Amino acid sequence: MSGKERPRMAACRIGIGTDVHRLVAGRKLILGGLRIPFAKGPLGHSDGDALVHATCDALLGAAALGDIGQHFPDRAPQWKDAPSLRFLRLVCRRLAEAGYAVLNLDATVELERPKLAPYIPRMRRNLAGAMGVRLSQISVKAKTGEGIGEVGRGESVRAAAVALIQKL
Ligand code: MG
């Protein structure tokens, strides 16, 4: 291979996203676009949906299209208290415009209370709907902080996500 030749770009690309929000009284707890009854919720400019924010960053990262803060600045008035599923729809539109399709998403939410198991099916449906993919392409898992660290003390909610995308 001469120096000018490049290996063919792989058709599949992977991306990672993480997010954390401080939990405070008087905010709605929203995860995966779902309102979950609880006394505290995430502090943030938008609705503070850590699961959706990590998902957006995983998708943008896979496509090397920057990050959620570049696309939806937290100083911009139009995103104040915005439902984060709107970010996810726009991110998926930008990936589609760049010629990518989502193969799968795997995400984990860390939250001490409340237990998220009953809400996971609806979170998956919301994510799949916003991303325009099948339910089987979306995985959402939940775990507690085991009583330690800021998650374990109930001070924050964290999320991490990995996305695999394919160039069409
Ligand atoms: Mg966030």
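## Overall architecture

From the N terminus on, the elements of the protein chain follow the order β-β-β-β-α-α-α-β-α-β-α-β. In total, the chain has five helices and seven strands, where helices (H or I, at least four residues) and strands (E, at least two) are DSSP runs numbered from the N terminus.

This is a predicted model, in which local features need pLDDT of at least 70 and side-chain atom pairs count only at pLDDT 80 or more, while totals for chains, interfaces and linings use all residues. Residues are numbered from 1 along each chain as its sequence is written, and side-chain values use heavy atoms, with hydrogens and water left out.

## Dimensions and surface

The C-alpha trace of the protein chain spans about 60 × 35 × 30 Å along its principal axes.

The accessible surface of the protein chain comes to about 9,100 Å², of which carbon and sulfur atoms hold 53% (Shrake-Rupley method, 1.4 Å probe). Of the 168 residues, 45% count as buried, that is, under 20% relative accessible area with a 1.4 Å probe, protein chains only.

## Strand pairing around S5

Strand S5 (residues 100–110) pairs with two strands, S7 and S6; pairing requires that DSSP finds at least two bridges between the strands. S5 and S7 (residues 156–167) run antiparallel and are joined by 10 bridges, with Leu105 standing opposite Ala163 in S7.

S5 and S6 (residues 138–143) run parallel and are joined by six bridges. Asp106 has Ser139 as its bridge partner in S6. Together with helix H4 (residues 120–131), S5 and S6 make a right-handed β-α-β unit: with the strands pointing away from the viewer, the path from the first strand over the helix to the second runs clockwise.

## The nonpolar core

The largest nonpolar core has 49 residues; such a core is a set of buried Ala, Val, Leu, Ile, Met, Phe, Trp, Tyr and Cys residues joined through side-chain atoms within 4.5 Å. Among the elements that each supply at least two residues of this core are helix H3 (84–97), S5, H4, S6 and S7. Helix H1 gives the largest share, nine residues.

Leu59 is one of the residues with the most contacts inside the core. Not counting residues up to four places away in sequence, Leu59 touches partners (heavy atoms within 4.5 Å) that include Leu88, Val102, Met131, Ala163 and Ile165.

Technical notes. Buried means under 20% relative accessible area, exposed over 50%, partly exposed in between (1.4 Å probe, protein chains only).
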